[in-house]
Amino acid sequence: MLVYIAGAGAMGCRFGYQISKTNNDVILLDGWEDHINTIKENGLKITGDIEDNVKLPIMKPTEAKDEADLIILFTKAMQLPQMLNDIKGIIGENTKVLCLLNGLGHEDVIKQYISEKNLLMGVTVWTAGLKGPGHAHLQGVGSLNLQSLDPSNLDEVHQIVDMLNAADLNAIYDEDVIPNIWRKACVNGTMNSTCALLDCTIGELFASQDGVDMVHEIIHEFVTVGSAEGVTLNEEEITKYVMDTSVKAAHHYPSMHQDLVQNHRPTEIDFINGAVVKKGKKLGIDTPYCQLITQMIHAKESVLKIK
Ligand code: NAD
């Protein structure tokens with residue numbers, strides 16, 4: 001199988017690295033010059049749970065020529081349309097495209113570029129970080145759930161699941177992945193944006209009764225809008241999951257804190273809390289907590305002159 005990783009940042013390097021250990025071909029696609037040059041010259045350096053260095057082909061998306069069997073999308077949400085535009089040349093009639101980005105509504109964007117029959121939507125709890133160009137830091141164990149939007153191609157999709165499992169990525173074929181995508185977006189929507197705004201760890205947020213009250217309101221908005229869209233979400237179960245995660249990840253600064261506060265990078269807010277606001281507006285549902293949080297994050301991006 002020829003697998004392209006479209007967006008070879010932290011997560012793309014994890015998936016690219018692990019798939020490179022199977023008997024499939026992997027090509028990383030990215031636009032960051034230093035990262036490309038470092039990987040070309042010195043290979044991809046892996047630290048964390050494993051220490052390794054692998055030679056992996058990497059190029060800009062527009063330089064890729066061979067038709068893909070599978071493309072795994074791993075840009076940030078707002079970077080997705082440009083990437084989809086730049087990989088048109090490697091998408092063939094049977095190329096499958098797997099989306100594992102955080103956030104809501106990506107299927108609507110991707111369908112503008114590829115046929116729905118080739119689209120696999122998914123969600124992952126793997127994590128990864130970059131220490132610098134060409135250097136991925138990989139810790140912990142995760143899994144991923146994926147589903148084909150077209151049930152007629154399940155044999156091919158199960159081959160992809162097998163390939164991901166050969167790469168020890170713990171993939172599961174999920175008969176109903178969309179609620180799981182919403183569930184993770186809800187976890188992100190309660191902790192990422194709030195900890196970024198309050199400049200605090202997850203534990204510090206949940207130590208505040210006001211913080212916990214706000215989390216309950218945000219969960220309620222996600223569940224209300226999701227349910228109105230036909231996505232079945234169990235508020236009690238999600239609340240328990242969020243509370244359990246807050247204990248396990250108490251000492252962590254969520255990724256939006258890293259993006260906004262630590263690295264002054266644009267956030268994925270429009271695809272998390274902002275997506276709930278947008279969908280709520282269409283459905284006539286007020287989402288005051290998600291709306292204020294989205295505006296506050298954009299205001300902070302503006303204060304920090306982040307584009
Ligand atoms: P990242 O910023 O580290 O990687 C994105 C990469 O895509 C960058 O290297 C960037 O140069 C490249 N890119 C973007 N647009 C491009 C374009 N048009 N052409 C060429 N290259 C382009 O992000 P990440 O942390 O790997 O996250 C990717 C997605 O996975 C996000 O949606 C994120 O929320 C999600 N996610 C991340 C983690 C994590 O632990 N990092 C965990 C689960 C899910």
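## Lining of the second largest pocket

In this predicted model, the lining of the second largest pocket consists of five nonpolar, three polar and six charged residues. Here Ala, Val, Leu, Ile, Met, Phe, Trp, Tyr, Cys and Pro count as nonpolar, Asp, Glu, Lys and Arg as charged, and the others, Gly among them, as polar. A pocket is an open set of points on a 1 Å grid over the protein atoms alone, with protein on both sides within 12 Å along at least five of seven lines; a lining residue has an atom within 4 Å of a point.

The volume of this pocket is about 330 Å³, taken as the space filled by probe spheres set on the points, which are joined across faces, edges and corners. It is lined by 14 residues, of which L104, G105, D108, K278 and K279 are the closest to its centre.

## Helices and domains around the pocket

Helix α11 (273-283) gives the most to this lining, with six residues. Both α4 (106-110) and α11 supply at least two residues each. Helices are DSSP runs (H or I, at least four residues) numbered from the N terminus. Domain 1 (2-173) and domain 2 (178-303) each contribute at least three lining residues; the domain bounds come from an automatic or database domain assignment.

## The cavity

A cavity is a set of grid points where a 1.4 Å probe fits but cannot get out. Helix α10 (residues 255-262) gives the most, with three residues.

## Basis

Residues are numbered from 1 along each chain as its sequence is written, and side-chain values use heavy atoms, with hydrogens and water left out. Local features need pLDDT of at least 70 and side-chain atom pairs count only at pLDDT 80 or more, while totals for chains, interfaces and linings use all residues.
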